[in-house]
Every structure is written in structure tokens, then in C-alpha cells.
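Hi everyone, thanks for coming. Could you bring the model up on the screen, please?

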Amino acid sequence: MADVKRRDVLRYGAAGATTAATALVAGQALASPDTANTGSDPKANRKPAGPEPEEFEETYRGKRIRGRYNSGGLTSLDLGLGALTSLGGDITRTLGLAGQSEVYVNNRALALTAIPTMFFPTDGRRPYVGIGLISAINHYDPVELELNPNCLRKLGKKVVDMLGDLELSGDAAQEHTH
Amino acid sequence: MADRKSIAAMTSAEKTAFANALRTFKTTAAPSGRRYNWYIDQHITYFARTNDQISHAHQAPSFFPWHREYLRLLELDLQGVSGNPNLFIPYWDWTQTASPFTADFCGTITNGSVNSGNFSPNWGWSIYRSSIQTNFLQRRLGQGASRPTTAAVNNVQAFTVYDQSPWNGTVSNSYRNRNEIELHNRVHNYVGGHMGTREAPNDPVFWLHHCNIDRLWWLWQQNRGIDTYQPRTGTTTRVVDNTETMQPFGRTPSSVRDIAALGYTYV
């Protein structure tokens, strides 16, 4: 059974806040220099809703991972466990947080989606519920959201591991919701 | 009636027939009018929450029935393009040793790519809507996860409640959710490459894996009752109730609950 204790309720609160930062709009593809899409940048007139976004960049296995983590000013949002789970797969849309954070691998955009899900640790801890980040590449293997850019770094590295010597295609930038 | 066998029980001729039917279907429309890539399109479309605000295929109660109908249609289409009414989708019991990744079946892997033989481009297998920039089918066996053990399967099969609110990926006491995450997702991640992506049906082993998932649901139904789908009728928004239609099929979970009525069985 899932271990849902106060710690996990807090995890939910934190995750709900970071969900804001991690759902990505298709506009990301427009901003990518390596994608074939053309058109205006939908984020051109967007004002940050909260604290300054944190940008990050590093090279991992020969690939450049860069991105921007934006909490959207929702770090004080207090979502209890029941409220968050009841949002279901519509959490991204409900929180209205899409499009504020970004991940690129070798300048190719990766669209992100937040899902509420169970996690099954392999280190002996009991299963728990949290918010996971998935993309076209790690569609069945969510990375748990955190209140800092490390979750996006982890996701970028996971994607690089899965790509190996290959690159993302333009399809990886297509947004979808759960 | 299709008798769905384990890959461990298949003859060489049956493996060849299955692979060749998929290759033919890749370039030839079935009598239904569908083509193979239609299946990839549907998986991508219905993996996401659609405009009706319903999750049809994943992270929702209809995960099992949606894929049951999805596989049934493919089986019928493969029978149609091959002219073989006995052709069946085999199941891959990943707790056992028999592997589908062989030269005479789903193809072998070199440095993560299927670049020669069955399901390579030269053989006649093209990749569609790939989020990985490549023309070759990709696999990363064991990199992202290990295969579920028999004990893990038994643990999941022991859950008695089909599903319950909030009907998503957070439900602990739910046979559907535990199977979807602990078994289904894990094997997608075990194979890796295209199987780890939303366009997973690019890999033919997708069908063998989901056939085993369907078999496990059928075994569970035989223990817990065939008509045990939850939620029942008219009570729940944003998920498919027992008598609501699943898109794009236009069929209800109730209508696919009995595999005998659908024209196949597991042997």
C-alpha cells in the first residue's frame, strides 16, 4: 500500500507548486533553433508570474542539456493530498501552469507533462504518491518533481541516457496533456 | 477464433507469419481500410487527455479495455492482410526466459538499433512519428528497468479491487493502476528505445507485451469476475464508465469484458 503520511502531504504541496514550472507548451518548439517549425514566439509577451526563473546548463555524455526552471510564483500554494489527487490527469491544465519551464537537449526542445502518480522506490522505501514529469521519451518513467531545477536536470540526463548517440526529433517538442 | 499462444510455444512458421503480416500491413491497407500507422496515431492521440476531457488509454480505468479492443482490431487486420484467419497475436511472458528479440522474430539489436534483418529498414520496417531522430527501431534492453519477477506479478494479481477514485495513477488499492505502473510501465522501460516513448507501437514487441497484459487481466477476471469493471454507469466524470464508449473505437468497457465473445482465447 502507498505510504501517505504528513511527509507525503508536504511532498504534494511542493510538487503542486513545481508543477507550475514544468509543464511545457508547444511554443517551446518554436523557440528551438533546431526545429523546423516557424512562427511567432507565444512567450514573447509573457511576464514571469513569480520568482526569477533559474536557468541551468551542463554537458552530460557529450550532449548539452539546458533549460529554465520557473516555479511560477506558486511555491506558497498549499495543496493537500485530497485536493491534488482529485485533479487527476488534468492537473496541468487546472493549475494553469503550462509553458513556464524548458528543457533542451543539444538545442532540441523536449515537451514536458506533469502527472500525479505512484512511485515505487527500488531502495526499500514504501511506494508513495507524487507528481511526475514525463516527456515523449520517458513516457512510462516519470521523474519526480522537486522545488528546484534538479528535477529538470535529472530528466535531461535520463533522456540523454535513452537517446545514446541519437538526438531528439521535432516530434519530441509536441505538447500533450494527461 | 484466434488461439493466442506464448512466444515460447510458437513454431518458426508462426513467428515468420506474424512478422511478415506486420510488414505487409505496414504498407498495405487491411480490408477494414486501416493501415499500421493508424495504430501509432491512435496510441499517441489517446495517450493524452483528449478534447472530451477523458483519459481513454492510460492512467485511467479504461486502460485494460481500451488496449483489449486495440489489440483485437490489429489481430483482425493482420488476419485480413495475410489472408490467414488463424493468425494470432502472441504473448510475451516476460517472467520467463523466452525472448522475442531474435533474428527470426522481432529482430536483433546492435548498439541499440535494429539495423539488419527483421524489422530493420532494409527488411521493410519504417519508423513513424518518432521522437528520436532515427530511421531504425531503437531498443535499450535492461537499461531503464529490469523485467518484473513472478513474485511481482503475483503481488499485483492479488489486488481485489479493479479500480477506484480518483481513477488515475495515484490509486494504491487498484488492480488496474498497480498493473499499469508496476508491470506494464516497467516492461516498456525494460525494452527502452521506442518502447519507452509515446509512439511505442513502432516496436512490434509492443503487441506481444500488451497481449500479456491482456492475458493477465483475463486471468484476474477469471478469479474476480468477468463483469468487474469500475466505475459502473453514470457516476464518474472524466473517465470512461462501464457503459460509456471508448474513443476511437465506439465500444464500451462492458462490451469487451469477455474475450470469448471477442473471438479469441489464451492457450
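Predicted model: local features only at pLDDT ≥ 70, side-chain atom pairs only at ≥ 80, totals over all residues.

Residues are numbered from 1 along each chain as its sequence is written, while chains are lettered from A and ligands numbered from 1 in the order in which they are written.

So, what is chain B built from? It has seven helices and five strands, that is, DSSP runs numbered from the N terminus (helices H or I, at least four residues; strands E, at least two). Along the sequence the order is β-α-α-α-β-β-β-α-α-α-α-β.

As for size, the C-alpha trace of chain B spans about 50 × 40 × 35 Å along its principal axes. Of its 267 residues, 51% are buried, meaning 20 or more other C-beta atoms, placed from the backbone, lie within 10 Å of a residue's own.

Now the helix pair. In chain B, H1 (residues 12–27) packs against H3 (residues 63–82) at about 85°, with the axes 9 Å apart. The axes are lines fitted to C-alpha atoms over the stretch in contact, with angles from 0 to 180 degrees between N-to-C directions. H1(B) and H3(B) are therefore roughly perpendicular, which covers 65 to 115 degrees.

Who touches whom? H1(B) brings B:Ala17, B:Ala21, B:Leu22, B:Thr24 and B:Phe25, and H3(B) brings B:Asp77, B:Leu78, B:Val81 and B:Ser82. Contact here means C-beta atoms, placed from the backbone, within 7 Å.

How values were computed. Parallel < 35°, antiparallel > 145°, perpendicular 65-115°, else oblique. Contact = placed C-beta atoms within 7 Å. Buried ≥ 20, exposed ≤ 12 C-beta atoms within 10 Å, placed from the backbone.
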